[in-house]
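Hi,

Here is the structure I promised to pass on. Have a look at it first, and then read my notes below.

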Amino acid sequence: MRIAFDQNPTTDQNLKRQAFNYVSQLKTEPSAWQPCLNIFTKIPRYHDVVRFFALEIVNKAVEGGTLDERGADTVQEQLMTYLRRSYKTPEGLSQRDENS
């Protein structure tokens, strides 16, 4: 995904075209939200451009009503787990609580 949005003029244009075609296919694939959710919530994190694109795909599935109840529950659960992992200190207190 990152190659598709790469602004470097030395990037192989054929490879960039292939990556862009792949990204375009993902946008129309109804089940693409599942791997994209995994990409967005993975730690260590992928490049921000990749994560943003992945989150857009998940958002499209949520807003577009293509998720069934189980899929919506999966998205909610995985995002909440990600947030808990990302915003907790080793002592178990959220960073927000520490600054209060």
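Let's start with Trp33. If you skip its neighbours within four places in sequence, Trp33 is in contact with Ile57, Val58, Ala61, Leu67, Gly71, Thr74 and Val75 (contact means heavy atoms within 4.5 Å).

Before going further, a word on the source. This is a predicted model, where local features need pLDDT of at least 70 and side-chain atom pairs count only at pLDDT 80 or more, while totals for chains, interfaces and linings use all residues. Residues are numbered from 1 along each chain as its sequence is written, and side-chain values use heavy atoms, with hydrogens and water left out.

Back to Trp33: the largest nonpolar core has 17 residues, and Trp33 and Val75 touch the most other members. Such a core is a set of buried Ala, Val, Leu, Ile, Met, Phe, Trp, Tyr and Cys residues joined through side-chain atoms within 4.5 Å. Buried is under 20% relative accessible area, exposed is over 50%, and partly exposed lies in between (1.4 Å probe, protein chains only). Two or more residues of this core come from each of α1 (13–28), α2 (33–41), α3 (48–63) and α4. The largest share, six residues, is from α3.

Now the whole chain. The protein chain has five helices and zero strands; helices (H or I, at least four residues) and strands (E, at least two) are DSSP runs, numbered from the N terminus. Of the 100 residues in the chain, 27% are buried. Take the contacts with a separation of 6 or more: residues 24 or more positions apart account for 53% of them.

Next, helix α4, residues 69–86, where you'll find Met80. Is Met80 buried, partly exposed or exposed? Met80 is partly exposed, because its relative accessible area is 37%. Together with Leu83 and Tyr87, Met80 forms a nonpolar patch on the surface, with about 280 Å² of accessible area. Areas come from the Shrake-Rupley method with a 1.4 Å probe, and for residues only the protein chains shown count as cover. Patches take residues with over 30% relative accessible area and no salt bridge, joining like charges within 9 Å and nonpolar side chains (Val, Leu, Ile, Met, Phe, Trp, Tyr) within 5 Å. A salt bridge is a side-chain nitrogen of Lys or Arg within 4 Å of a carboxyl oxygen of Asp or Glu.

Apart from neighbours within four places in sequence, Ser86 is in contact with Ile43 and Arg45. One last thing: the peptide bond from Ile43 to Pro44 is cis, with omega near 5 degrees, and Pro44 sits in the loop between α2 and α3.

Cheers
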